[in-house]
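Subject: Structure handover and findings

Hello,

Here is the structure for you to look at. My notes follow below it.

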Amino acid sequence: MSRYRVLVVDDHAHAREAMCEILSMDDSFEVIGVVESGPEAIAFTAQWMPDLILIDIQMPEMDGLETTRRIKQEYPYVKIVIVTVSDEISHLLEALKQGAQGYLLKNLAPSTWIEYLQAIVNEEAPLSRELAFQILKEFTVPSVTDEGESLTAREKEILSCVSSGSTNKEIAISLSISEHTVKNHLKNILQKLQLQNRTQLTRYALEQGLASRKRDFPR
């Protein structure tokens, strides 16, 4: 069974513990990190590439909305759910505007949390069709005008490996990272460049001068 790697972000210890306890109820979720602030969440995401992030909306230094905006700007593949005690529709809309996939109230039953998060990770659109359409119509995040400039140094490195014909396993060995991390980087790159597959990535790399020769990878 595929497990979703989760990062929990909240400045209150009890809230972090509660979220971890709820997630432990379902074997499909694995908490790989627990941090207290927005900057820590950004740094953790860059290093460990989680699949899902639960983040408190109100935190000192950098709130959940700004943290979400920054993470989604660099790592659009990751799914983010804002966690809050407020049920104001304006907060929901702002969360979605910043790129979040969902919005959870802290006082909801654990079973509701699990059901909702399963819908999020399986892309089953837990919002009603009408509301989702209205939100997407009003709050679509603009695409990057110069897609190539939005790639990080690591993403360009992986793109170069892909263009040389390297497999995910070979890339993982070469860069000393896991295959799972390579896959998430590739999802991120494809979304940033608005491309569909490795063939298109290779063509893009050649056109942009990012391609490299086939490397010798350790076996």
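What pLDDT does the chain average, and what share of the residues score at least 70? The average is 83, and 82% of the residues score at least 70. pLDDT is the predictor's confidence in each residue, from 0 to 100.

Ground rules. This is a predicted model, so residues are numbered from 1 along each chain as its sequence is written, local features need pLDDT of at least 70, side-chain atom pairs count only at pLDDT 80 or more, and totals for chains, interfaces and linings use all residues. Side-chain values use heavy atoms, with hydrogens and water left out.

**Overall**

The chain has 10 helices and five strands. These are DSSP runs, numbered from the N terminus: helices are H or I with at least four residues, strands are E with at least two. Of the 219 residues, 46% count as buried. Buried means under 20% relative accessible area, exposed means over 50%, and partly exposed is in between (1.4 Å probe, protein chains only).

Take the contacts between residues at least 6 apart in sequence: 64% of them join residues at least 24 apart. The chain exposes about 11,900 Å². Carbon and sulfur atoms supply 50% of that area. Areas come from the Shrake-Rupley method with a 1.4 Å probe; for residues, only the protein chains shown count as cover.

**Aromatic pairs**

How many aromatic pairs does a search of the whole structure find? Two. Rings of Phe, Tyr and Trp (its six-membered ring) pair if their centres lie within 6.5 Å. Planes under 30 degrees apart count as stacked, over 60 as edge-to-face, and the rest as tilted.

Y4 and F29 form a tilted pair, 6.1 Å centre to centre with 40 degrees between the planes. This pair links distant parts of the chain. Y4 sits in strand β1 (residues 4–9) and F29 in strand β2 (residues 29–35), 25 residues apart. Y4 and F29 are both buried.

F44 and W48 also form a tilted pair: 6.3 Å centre to centre, 35 degrees between the planes. Both lie in helix α2 (residues 38–48), four residues apart, about one turn of the helix. An α-helix has 3.6 residues a turn, so residues three or four places apart point the same way. F44 is buried, at 14% relative accessible area, whereas W48 is partly exposed, at 42%.

**Helix α2**

Where do the buried residues of α2 fall, seen down its axis? G38, A41, F44 and T45 are buried in α2. The buried residues of α2 fall within an arc of 120 degrees, so they line one face of the helix. The arc is that of the directions from the helix axis to the C-beta atoms. Their cover includes β1, β2, β3 (52–56) and α3 (64–74).

Two strands pair if DSSP finds at least two bridges between them. β3 and β4 pair in the parallel sense over five bridges. Here L52 has K79 of β4 as its bridge partner. Four bridges join β4 (residues 79–84) to β5 (residues 102–105), and these strands run parallel. I82 has Y103 of β5 as its bridge partner.

In a regular strand the side chains alternate between the two faces of the sheet. Both faces of β4 are covered: K79, V81 and V83 are buried on one side, and I80, I82 and T84 on the other. β5 is covered on both faces too, with G102 and L104 buried on one side and Y103 and L105 on the other.

**Backbone points to check**

Most residues other than glycine have a negative phi. M49 has a positive phi of about 50 degrees although it is not a glycine. M49 lies in the loop between α2 and β3. At 0% relative accessibility, M49 is buried.

E61 has a positive phi too, near 75 degrees. E61 lies in the loop between β3 and α3. Is E61 buried or exposed? At 72% relative accessibility, E61 is exposed.

Best wishes

Key. Contact = heavy atoms within 4.5 Å.
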